[in-house]
Amino acid sequence: MASQMSIFTRTKTLISKTLNPNLKSLSISTFTFLSQEPQLAESAEPSPLPPNPATGSPIYNENWRNPVPNKEPVAQSLIPLGFLQHSPTPRIQSLSQTLDAQHLMDVFADWMTSQRWSDMKELFEFWIRSLDKNGKPNKPDVSLYNHYLRANLMMDAGAADLLDLVAQIEDFAIVPNTASFNLVLKAMYQARETEAAEKLLQRMLQTGTDSLPDDESYDLVIGMLFLTDQIDAALKYLDMALKSGYMLSMRVFTDCVRSCVNKKRLDALVSIIKKCKSMDQNKALCPAWNLCNYIAEVAIQEDNSELAFCALEFMAKWIARGENSRPPLHLSVDEGLVVSVLGTAGRTYSQKLLDASWAILRRSLRQKKAPTPESYLGKIYAHASLGDLQRAFSTLHEFETAHGNSIKHVEEEEIFSPFTSLYPLVVACSKKGFETLDVVYFQLENLNRGEPPYKSVAALNCIILGCANIWDLDRAYQTFEAIGSSFGLAPNIHSYNALMYAFGKLKKTYEASRVFEHLVSLGLKPNATSYSLLVDAHLINRDQKAALSVIDEMVNAGFAPSKETLKKVRRRCLREMDDESSDKVQDLAKKFSIRMGMEYRRNMLFNLQYSTDYA
């Protein structure tokens, strides 16, 4: 490289002498010519110039001394091509030449109230091409530029156009802030451009602190995703917003609740509701009253105790708001819905849901009337499922106090029957065998000696039937005798039916028949359950003819045999190969219009030939 530089220097000298022969060459040394290569001088970098004062406006790239030329504008200008050929109104042209940035903001604030968006857009575009009092083009700040973006948005500008305007904001040496991007997100929301909105939100998260997304940013993106059924992405950004401590709008929260319920994303909805309840800025969020009922219904269908509890909490908020309003608005939860919630509490073993449902029922009734029998039975079932026998029997006492004297005789047979309504309590009593049964019996004895004494035949009937379930005939009979001897009460038809069931289960058909004859001699009228239990006692001893005779007595007494009872008799007739009795069963089924059907699967199991051939 050095040699090439030397050759270049000598050639340059020769050319200069040839072109200008009168030019004398001056020697820089008295010594003879020495062949040496020039060395590059080490020079320091020059100091930079001060910053150009002509910055902050793209108008400086033009002839800014003539800001409104008659020729066509520069292609990079904010003003569209051909726009300046239209003569502006004299007022707007005058304002663009006289207003500074602060006064222009005041004018925009006034025009926004009257929605003069086109005037705002036109004034801004002429203002940035005008000169200020110092003779330099006007320079907007980010707030003023956002007004210009809003005017374009309100004039139905597309998201792509707004993005171009945001990109041009850098020409004025200003940085777009969160409000700038939110205006673009609003345009995307109107056009449902979800993919572009997600990318823009990610860009906002990656840029500086001035353009980080805020509450409105997340609301726009999340609401757009819910409207387009992109629930997974919406839940992701919703979780990000909650973790960042932002407040959700009621619209987004309602869309979230409705979308999660419709898509059966119940666990995700419960998680979001819990996060909102833990935040001061979001704990007041509450869906509409009708939506709360819908949430509760879906939670009941899916046996989701947590979501059902949240729905009851929302309803309690609405009831409190109505009571505090002027004039007061009294809202009440449907009692049938509460009964269903009590069933969900029993199936999911949720004590919290049980207490909440009963509390909101009491608040809805406002002590004007007692809960219905179905509500009490639902509460008994829930307590029995949870194994809380003390509360279960306490609820039974409340039930008898509230409806014991008002229920008709026919209805009382079923409502206080241990075979139907109170059967969950029977199962709970016999869950741990005689240990639980004895504990319950001794508690009832202690309550009988209290002030005031608590005496309940229905509770004792549950114990008798519980003893029968564990094949403990002795305890069942002793409890039956204790109804009169220890408690001073008279056994009812359910007491005798439970005793008959205890005898029949141990194949003591004769004793079961004696119990039936005894209750008839006392003047008690047997019910359908009494006859069905006596039929079962005969079938256990493989006496289908006696069972048919009991059915005849049942029909003469005005009761109709159940389909299950007839199928049991027919099954016994087939196994005993008694075709005559089987034909009688078919006649009874036709008489009462009962479709018996076939029992192919049961017969296949019964006719299996067990052997070791396939072992």
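# Exercises on a helical chain

G504 touches A512, A537 and I540, leaving aside residues up to four places away in sequence. Contact here means heavy atoms within 4.5 Å.

The model is predicted: local features need pLDDT of at least 70, side-chain atom pairs count only at pLDDT 80 or more, and totals for chains, interfaces and linings use all residues. Residues are numbered from 1 along each chain as its sequence is written, and side-chain values use heavy atoms, with hydrogens and water left out.

## Exercise 1: G504

**Solution.** 
- Find the element. Helices (H or I, at least four residues) and strands (E, at least two) are DSSP runs, numbered from the N terminus.
- Set the cut-offs. Buried means under 20% relative accessible area, exposed over 50%, and partly exposed in between (1.4 Å probe, protein chains only).
- Check a distance. G504 and H538 are 34 residues apart along the chain, and their C-alpha atoms are separated by 7.9 Å.

## Exercise 2: M279

Find the place of M279 and the residues that M279 touches.

**Solution.** 
- M279 belongs to the loop between α12 (266-277) and α13 (289-302).
- Its relative accessibility is 11%, so M279 counts as buried.
- Leave out residues up to four places away in sequence; M279 then touches L242, G245 and Y246.
- Now take K243, 36 residues from M279 along the chain. The two C-alpha atoms are separated by 10.0 Å.

## Exercise 3: Salt bridges between helices

Which helices do the pairs E216 and K186, E306 and K352, and D536 and K568 link?

**Solution.** 
- A salt bridge is a side-chain nitrogen of Lys or Arg within 4 Å of a carboxyl oxygen of Asp or Glu. By this rule the count is 22 salt bridges.
- Take E216 and K186. Their closest N and O atoms are 3.0 Å apart. E216 is in helix α9 (residues 215-227) and K186 in helix α7 (residues 178-191); the pair links distant parts of the chain, 30 residues apart. E216 has 33% relative accessibility and counts as partly exposed. K186 is partly exposed at 22%.
- Take E306 and K352. The closest N and O atoms of this salt bridge are 3.4 Å apart. E306 lies in helix α14 (residues 305-324) and K352 in helix α16 (residues 351-365), so the pair ties together parts that are 46 residues apart in sequence. Accessibility is 28% for E306, which is partly exposed. K352, at 39%, is partly exposed.
- Take D536 and K568. Here the closest N and O atoms of the salt bridge are 3.5 Å apart. D536 lies in helix α26 (residues 528-540) and K568 in helix α28 (residues 563-575), so parts 32 residues apart in sequence are tied together. D536 is partly exposed at 23%, and K568 is partly exposed at 30%.

## Exercise 4: Backbone exceptions

Locate the cis peptide bond, then examine phi at R366 and W471.

**Solution.** 
- Recall the background. Most residues other than glycine have a negative phi, and most peptide bonds are trans.
- The cis bond joins R326 and P327, with omega about 0°. P327 is in the loop between α14 and α15 (335-348).
- R366 is not a glycine, but its phi is positive, near 55°. R366 lies in the loop between α16 and α17 (373-386). At 23% relative accessibility, R366 is partly exposed.
- W471 is not a glycine either, and its phi is about 60°. W471 is in the loop between α22 (457-469) and α23 (473-485). At 52% relative accessible area, W471 is exposed.

## Exercise 5: The whole chain

What does the secondary structure of the chain come to, and what share of the residues is buried?

**Solution.** 
- The count is 30 helices and 0 strands.
- Of the 615 residues in the chain, 44% are buried.
- Take contacts with a separation of 6 or more: residues 24 or more positions apart account for 67% of them.
- The chain exposes about 34700 Å², by the Shrake-Rupley method with a 1.4 Å probe. Carbon and sulfur atoms supply 53% of this area.
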